[in-house]
Amino acid sequence: MAAGLRAVRRWGLVVAAAPPPPGLAFTRSAFVVKKMNNAQPNWLRVGLAFSTSAALWAFLIKQHNEDVMEYERRNKRGHKCTECS
């Protein structure tokens, strides 16, 4: 490696990276990753996820029932044209 560079392992690859400038050595990142606490779930997110899923299923079932009713309505009327078939 060249002078002043250090090896950094990212995604299984070794990449050469320059050391940080002296003034930036102790700054914090704006994006901090913290470990999720599974003992205390975020109930607002859980509720939103389940209610969204339930609303989408309700809409899907309602739309399906309307489509079936329309299909039956069109077939009940009958088609008497001899030129189509």
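**A helix, its salt bridges and a pocket**

UniProt, in an unreviewed entry, lists residues 43-61 as a "transmembrane region". In this predicted model, that stretch is 100% helix and 0% strand, and its end C-alpha atoms sit 27 Å apart.

The protein averages a pLDDT of 77, and 56% of the residues score at least 70. Among the elements, helix H1 (residues 43-77) comes out with the highest mean pLDDT, 95, while strand E1 (residues 6-10) has the lowest, 57.

The salt bridges come to three. One of them pairs Glu66 with Lys62, with the closest N and O atoms 3.1 Å apart. These two residues are four apart in helix H1, which means that about one helical turn separates them. Glu66 is partly exposed, at 39% relative accessible area, and so is Lys62, at 46%.

Further along, Glu70, Arg73 and Arg74 are tied together in a network of salt bridges. Glu70 meets Arg73 at 2.5 Å, N to O, and pairs with Arg74 at 2.9 Å between the closest N and O atoms. Arg73 lies three residues from Glu70 in helix H1, and Arg74 lies four residues from Glu70; either spacing is about one turn of the helix. Glu70 is partly exposed at 29% relative accessibility, as is Arg73 at 46%, whereas Arg74 counts as exposed at 53%.

Finally, the largest pocket has a volume of about 160 Å³. Its lining has two nonpolar, four polar and three charged residues, including Lys34, Met36, Pro41 and Arg45.

Conventions. Residues numbered from 1 in each chain as written. Predicted model: local features only at pLDDT ≥ 70, side-chain atom pairs only at ≥ 80, totals over all residues. Heavy atoms only, no water. UniProt positions renumbered as here; feature names shortened; annotations may be inferred. 1 Å grid on protein atoms, 1.4 Å probe; cavity = no way out; pocket = protein on both sides within 12 Å on 5 of 7 lines; lining within 4 Å. Points joined across faces, edges and corners; volume = space filled by probe spheres on them. Nonpolar A, V, L, I, M, F, W, Y, C, P; charged D, E, K, R; others polar. pLDDT = per-residue confidence, 0-100. Salt bridge = Lys/Arg side-chain N within 4 Å of Asp/Glu carboxyl O. Buried < 20%, exposed > 50% of the residue type's maximum accessible area, 1.4 Å probe, protein only.
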